[in-house]
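Subject: Structure for your review

Dear colleague,

Please find below the structure that I am handing over to you. My findings follow directly after it.

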Amino acid sequence: METRVAVMSIIVENTKSIEALNATLHEYRDCVIGRMGLPYRPKNINIISIALDAPQDVISALSGKIGNLDGVSVTIAFSK
């Protein structure tokens, strides 16, 4: 199956969701190229960027699971 490279941007506003977020990302670890997380203390949020290489439906499924977590927002930018 053809894969696509994408960047997923995640903002975590509810720190209670971090454990579930990390478990979900671990489940998809074979698709992850790299990950960067930044705590932004003035706003009490965490900003996470993840580079992925996977089929588009797998990336979309991951995004859906993450987006369903309480206090977590996610967006994706796909390569052409």
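This is a predicted model: local features need pLDDT of at least 70, side-chain atom pairs count only at pLDDT 80 or more; totals for chains, interfaces and linings use all residues.

The accessible surface of the protein chain comes to about 5200 Å², and carbon and sulfur atoms account for 53% of that area. Residues are numbered from 1 along each chain as its sequence is written, and side-chain values use heavy atoms, with hydrogens and water left out.

Overall architecture

The protein chain contains two helices and four strands, arranged along the sequence in the pattern β-α-β-β-α-β. Helices (H or I, at least four residues) and strands (E, at least two) are DSSP runs, numbered from the N terminus. Taken along the principal axes, the C-alpha atoms fill a box of roughly 40 × 20 × 15 Å. The radius of gyration of the protein chain is 12 Å, which agrees with the value near 12 Å for a compact globule of 80 residues. That radius is taken over C-alpha atoms, and the globule rule is 2.2 Å times the number of residues to the power 0.38.

Of the 80 residues in the protein chain, 30% are buried. Buried means under 20% relative accessible area, exposed over 50%, and partly exposed in between (1.4 Å probe, protein chains only). Among contacts with a separation of 6 or more, 68% are between residues 24 or more positions apart; a contact means heavy atoms within 4.5 Å.

Helix α1 spans residues 18-27, and its buried residues are L21, T24 and L25. These three cover an arc of only 100° around the axis, which puts them on the same side of α1; the arc is that of the directions from the helix axis to the C-beta atoms. An α-helix has 3.6 residues a turn, so residues three or four places apart point the same way. The cover over the buried residues of α1 includes β1 (4-12), β2, β3 and α2 (56-67). On the other side of α1, E19 and E27 are exposed.

N22 is also found in helix α1 and counts as partly exposed, because its relative accessibility is 31%. The C-alpha atoms of N22 and I66 are 9.6 Å apart in space, although the two residues are 44 apart in sequence.

The structure holds one salt bridge, defined as a side-chain nitrogen of Lys or Arg within 4 Å of a carboxyl oxygen of Asp or Glu. E27 forms a salt bridge with K65, with 3.0 Å between the closest N and O atoms. This pair links distant parts of the chain, since E27 belongs to helix α1 and K65 to helix α2, 38 residues apart. K65 is partly exposed, with a relative accessible area of 38%.

A nonpolar surface patch of about 430 Å² is made by I11, M36, L38, Y40 and I47. Patches consist of residues with over 30% relative accessible area and no salt bridge: like charges are joined within 9 Å, and nonpolar side chains (Val, Leu, Ile, Met, Phe, Trp, Tyr) within 5 Å. Strand β2 (residues 32-40) provides the largest share of the nonpolar patch, namely three residues.

Y40 lies in strand β2 and is partly exposed, at 40% relative accessibility. Not counting residues up to four places away in sequence, Y40 touches I45 and I47.

N46 is part of strand β3 (residues 45-54) and counts as buried, because its relative accessibility is 19%. Leaving aside neighbours within four places in sequence, N46 is in contact with I10, I11, V12, T15, I18, L38 and P39.

Loops

Two loop residues may interest you. N44 lies in the loop between β2 and β3 and has a positive phi of about 55°, although it is not a glycine. Most residues other than glycine have a negative phi, and most peptide bonds are trans. N44 counts as exposed, at 57% relative accessibility.

K16 is placed in the loop between β1 and α1 and is exposed, at 77% relative accessibility. The C-alpha atoms of K16 and R29 are separated by 21 Å, the two residues being 13 apart along the chain.

Yours sincerely

Methods:
Accessible areas come from the Shrake-Rupley method with a 1.4 Å probe; for residues, only the protein chains shown count as cover.
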